[in-house]
Amino acid sequence: MLKELFVREAVKRGAELEGQELRLCGWAHRIRDLGAIRFVVLRDRSGTLQVVFKKGETPQEALSAALGLREEAVICVKGVLRRAPTREGFELLGRELEVHSSPLESLPLEVHDSTKATLPTRLRYRWLDVRNPKVSAVFKLKAWVARKFRDHFSALGFTEIFTPKIVATGTESGADVFPVIYFGKTVYLAQSPQFYKQMAVIAGLERVFEVGPVFRAEPHHTTRHLNEYHSLDIEVGFIESYNDVMDFVEGFFRRIAEESHEVKELLEEHGAEPLRVPERVPRVTMRQAYEILAEYGKKVPYGEDLDPEGERLLGNYAREKHKSDLIFVTEYPWKVRPFYTMRKEEEPQWTYGFDLLMRGLEVVTGGQREHRYERLRQNLREKGLKEDDFEYYLEFFKHGAPPHGGAGMGLERITMQLLGLQNIREARLLPRDTERLTP
RNA sequence: GCCGCGGUAGUAUAGCCUGGACCAGUAUGCGGGCCUGUCAAGCCCGUGACCCGGGUUCAAAUCCCGGCCGCGGCGCCA
């Protein structure tokens with residue numbers, strides 16, 4: 001029963017296919033029963049089309065089969081395409097109906113209205129929730145972003161890498177990693193490909209990217225955190241400064257904006273506006289950000305990190321003053337950045353680390369890395385970390401490491417912000433959070 | 001981790017503050033019936049619920065305690 005034709009194509013080629021007998025397969029999306037005439041809206045991954053079973057026109061056998069049909073049954077219909085005053089402009093006059101499987105119990109979610117249910121219910125019955133075109137749009141858009149990422153950086157000479165997700169130590173502090181038993185030893189799920197992408201640059205690949213899962217053991221209770229998510233990572237050798245890294249990141253988001261017409265329908269499903277990326281995305285230092293926020297009536301203590309409200313306000317500032325959905329915040333304080341971040345030469349309390357805020361939410365973190373062995377050791381010590389724990393990492397830098405930098409972008413956060421989703425869990429097919437492990 | 005809010009039919013909710021007229025209302029779904037052009041189809045009939053345990057009280061969906069679960073704000077971060 002391999003499908004030869006999807007609903008959308010049938011409608012698109014309606015003028016040509018009119019009067020022909022077609023076979024379409026999918027789910028019974030809506031059923032409207034008027035007695036001697038029964039409408040079944042057929043839905044597949046591409047769209048919907050009304051099928052009509054009508055006494056006098058539909059053979060008795062198909063008519064009877066249509067009478068017992070339930071919503072969300074999986075069906076194939078053979079029928080004749082004809083013009084009709086429906087949304088699609090066409091309908092299929094049913095001639096034969098095959099029912100491949102039918103719901104055994106009343107549905108815990110109404111597919112066409114699944115987003116009206118609460119998120120826990122939707123996630124519990126995700127296979128029903130995602131049948132809703134508005135929900136599948138999220139995953140189609142997410143896939144598009146990931147594909148753009150691969151296309152964009154591949155074209156710029158980056159090599160895609162695939163690094164281990166089972167690691168011996170945490171990347172940053174080791175406090176927020178999941179331990180796993182590995183042949184009797186306690187090891188961890190990778191919280192980031194950070195060390196390995198740096199190694200790949202040092203290994204002479206120079207420019208690398210990775211799309212892969214990362215794991216964070218923080219017990220978050222927010223709408224923007226997941227314990228498992230996908231990170232879009234890049235790392236570039238031979239940079240002049242961290243501005244080069246920001247240029248790469250900016251170029252990627254500009255591409256997303258410029259090519260958003262490709263996903264126009266997916267955005268429209270959510271009433272989302274295409275991303276606005278101006279000629280030059282604003283780049284403000286943390287110290288400038290404090291001043292901007294002061295003007296917005298928000299006081300952030302000097303030398304401290306931004307809180308979510310501060311990020312939202314900076315997002316407003318970017319939108320109002322620069323007509324931009326994006327804003328870089330640069331020169332983060334050393335005290336809030338990881339040990340591998342390069343510090344400003346003349347002001348070591350600040351770093352060459354940046355974040356990118358998208359519509360007021362942090363979606364990218366990046367910066368220039370410290371590539372000098374002795375400085376790295378010094379940084380480790382200042383962070384109160386044990387050099388022994390990072391011995392294998394430090395070794396990367398012993399045999400010739402170019403100046404380099406990179407960034408990590410949260411795929412779900414980007415998806416969420418592009419569509420205006422209320423909860424990041426919506427951007428994950430099966431989210432993992434503190435309690436949720438099934439399905 | 002800290003703090004706050006919540007748990008009522010398949011689903012989404014009202015009722016809780018101010019205990020009794022609530023054998024729990026509404027919408028939708030589901031089952032049945034009517035209808036030959038519906039498209040949020042309509043109309044009629046039916047179906048189905050107070051998270052678990054303990055306590056207070058003549059009386060608990062409602063008040064109190066514990067547990068489990070869910071949601072959110074902050075922290076941390078992408």
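Student: What makes the approach of Thr223 to a phosphate oxygen of RNA strand B a polar contact?

Tutor: In this predicted model, a polar backbone atom of Thr223 is 3.3 Å from a phosphate oxygen of RNA strand B. The cut-off is 3.5 Å between N or O atoms, so the pair counts as a polar contact.

Student: Which elements give two or more residues to the surface near RNA strand B?

Tutor: Among them are β1 (21-33), α4 (119-124), α11 (308-322) and β15 (361-368). β15 gives the most, with 4 residues.

Student: What is the distance from the side chain of Asn423 to a phosphate oxygen of RNA strand B?

Tutor: An N or O atom in the Asn423 side chain is 2.4 Å from that oxygen.

Student: Why is Ile166 called partly exposed?

Tutor: Its relative accessibility is 44%. Buried means under 20% and exposed over 50%, so Ile166 falls in between. Ile166 sits in strand β7. With Tyr182 and Phe183, Ile166 makes a nonpolar surface patch of about 380 Å².

Student: How do you know that β8 pairs with β9?

Tutor: 4 bridges join β8 to β9 (residues 185-189), and the two run antiparallel. Pairing needs at least two bridges, so β8 and β9 qualify. Pro179 stands opposite Tyr188 in β9.

Student: What is the strand order in the open sheet?

Tutor: The order is β7-β9-β8, with antiparallel pairing. β7 (166-167) and β8 (179-182) each have a single partner strand, so one side of each lacks a neighbour in the sheet.

Conventions
Residues are numbered from 1 along each chain as its sequence is written. Chains are lettered from A and ligands numbered from 1 in the order in which they are written. This is a predicted model: local features need pLDDT of at least 70, side-chain atom pairs count only at pLDDT 80 or more; totals for chains, interfaces and linings use all residues. Side-chain values use heavy atoms; hydrogens and water are left out. Patches are made of residues with over 30% relative accessible area and no salt bridge: like charges are joined within 9 Å, nonpolar side chains (Val, Leu, Ile, Met, Phe, Trp, Tyr) within 5 Å. Accessible areas come from the Shrake-Rupley method with a 1.4 Å probe; for residues, only the protein chains shown count as cover. A salt bridge is a side-chain nitrogen of Lys or Arg within 4 Å of a carboxyl oxygen of Asp or Glu. Buried means under 20% relative accessible area, exposed over 50%, partly exposed in between (1.4 Å probe, protein chains only). A polar contact is a pair of N or O atoms within 3.5 Å; within protein, one must be able to donate a hydrogen and the other to accept it, and residues adjacent in sequence count only if both atoms are side-chain atoms.
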